[in-house]
Amino acid sequence: MAEVDIGRHCQVDSCNVKDFLPFVCDCCSGVYCLEHRSREAHSCAQEPVKRELRTTGGSVSYSCSFEGCKGKELLPVLCPQCEKHFCLAHRHQDDHKCEKLEAQKPRMAATKELVQKIVESKAGSKSKGCKGAKNAATAAKVALMKLKLHAVGDKGLPQTERTYFQVYLPKEAKERSQPMFFSSKWSVGKVVDHAASLASLKNNNNVLTAKKLRLCHPQTGEALRMDDTLLSLLSHTESPLHNGGNVILEYLDNESSGLEDVSDYFTQT
């Protein structure tokens, strides 16, 4: 049986020990063992990179390097290829458009071009709000192909369980919407928590008096039951959700049963 090469050698000439969990220096990007991990121990010649280090309580935080993202993590999340810090949502190469990511294969580029042509051909016939279950299902099938190219979610989910949505975010959010995928076996409550994490939204659903983050139907505006599963909502005979369709995430008062006007989410710029 072939040996698996795990770990890397310390770059200190006098050491060169192989460490199975090597450390990457934040300043010079060198690889070192436990003994030489500090800048002083390996005589680092580079100036330390300035980061935002203060958070509530004075603890250290690591800012995401992805352009436009203000996410932070309490522990460093380093890309092993470009060796930059990222938040959990942008930790994978394709999520942060890693500069060292292998160029897309011609077949993927051709697929993307085909999807774009299909979307453009359907754009003229789309009605606002996607009225009617049949129209919504057709639009969702077309949108699904595009969502699969850009959606973020748990990369560990099996392809057969993934359900894709264009998630329209609360009106107070900086972004209008974000493509995401979830497990069809998850409850609506788990979907809400995961979507809030991906979009860096405040989630006070465990606070009794606070407004609750709820997932709402894109046509009716109804707040979906937190214990319903996506699988059950996808199979509803009346007003079902569609894989590749839209859902709305919004903060609602405890006594509210849903949104009064869903058109605001699809017409805002």
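pLDDT is the predictor's confidence in each residue, on a scale from 0 to 100. This is a predicted model, in which local features need pLDDT of at least 70 and side-chain atom pairs count only at pLDDT 80 or more, while totals for chains, interfaces and linings use all residues. Residues are numbered from 1 along each chain as its sequence is written, and side-chain values use heavy atoms, with hydrogens and water left out.

**Exercise 1. Find the average pLDDT of the protein chain, and say what happens over residues 51-56.**

Now go to residues 51-56, where the pLDDT is below 50. That stretch still has 13 contacts (heavy atoms within 4.5 Å) in the model beyond near neighbours in sequence. A word of caution: where pLDDT is low, the predicted coordinates should not be read in detail.

**Exercise 2. Work out the strand order of the open sheet of 4 strands, and which strands stand at the edges.**

Strands here are DSSP runs of E, at least two residues long, and helices are runs of H or I with at least four, both numbered from the N terminus. Two strands pair if DSSP finds at least two bridges between them. Walking across the sheet gives β8-β7-β10-β9, with mixed pairing. β8 and β9 (212-216) each have a single partner strand, so they are the edges, and one side of each lacks a neighbour in the sheet. From one strand to the next, the twist averages 35°. Angles run from 0 to 180 degrees between N-to-C directions, with axes as lines fitted to C-alpha atoms, for helices over the stretch in contact. Finish with helix α3 (residues 188-198): it lies across β8, β9 and β10, at about 135° to β8.

**Exercise 3. Take β9 residue by residue: which side chains point which way, and what stands opposite Arg-214 and Leu-213?**

First, the partner: β9 pairs with β10 (residues 246-252) in the antiparallel sense, over 5 bridges. Arg-214 stands opposite Glu-250, and Leu-213 faces Tyr-251. Next, directions: Lys-212, Arg-214 and Cys-216 point one way, Leu-213 and Leu-215 the other. Last, burial, meaning under 20% relative accessible area (1.4 Å probe, protein chains only; exposed is over 50%, partly exposed in between). 5 of the 5 residues of β9 are buried, so the strand is largely enclosed by the rest of the structure.

**Exercise 4. Trace the ring cluster that contains Phe-182.**

Rings of Phe, Tyr and Trp (its six-membered ring) pair if their centres lie within 6.5 Å; planes under 30 degrees apart are stacked, over 60 edge-to-face, and the rest tilted. The structure holds 4 aromatic pairs. One of them is Phe-165 with Phe-182, tilted, at 6.4 Å centre to centre and 35° between the planes. Phe-165 is in β7 (residues 162-168) and Phe-182 in β8 (residues 177-183), 17 residues apart. Then step on to Trp-186: its ring centre is 6.4 Å from that of Phe-182 and the planes are at 55°, so this pair is tilted. Put together, Phe-165, Phe-182 and Trp-186 form a cluster. For burial, Phe-165 and Phe-182 are both buried, and so is Trp-186.
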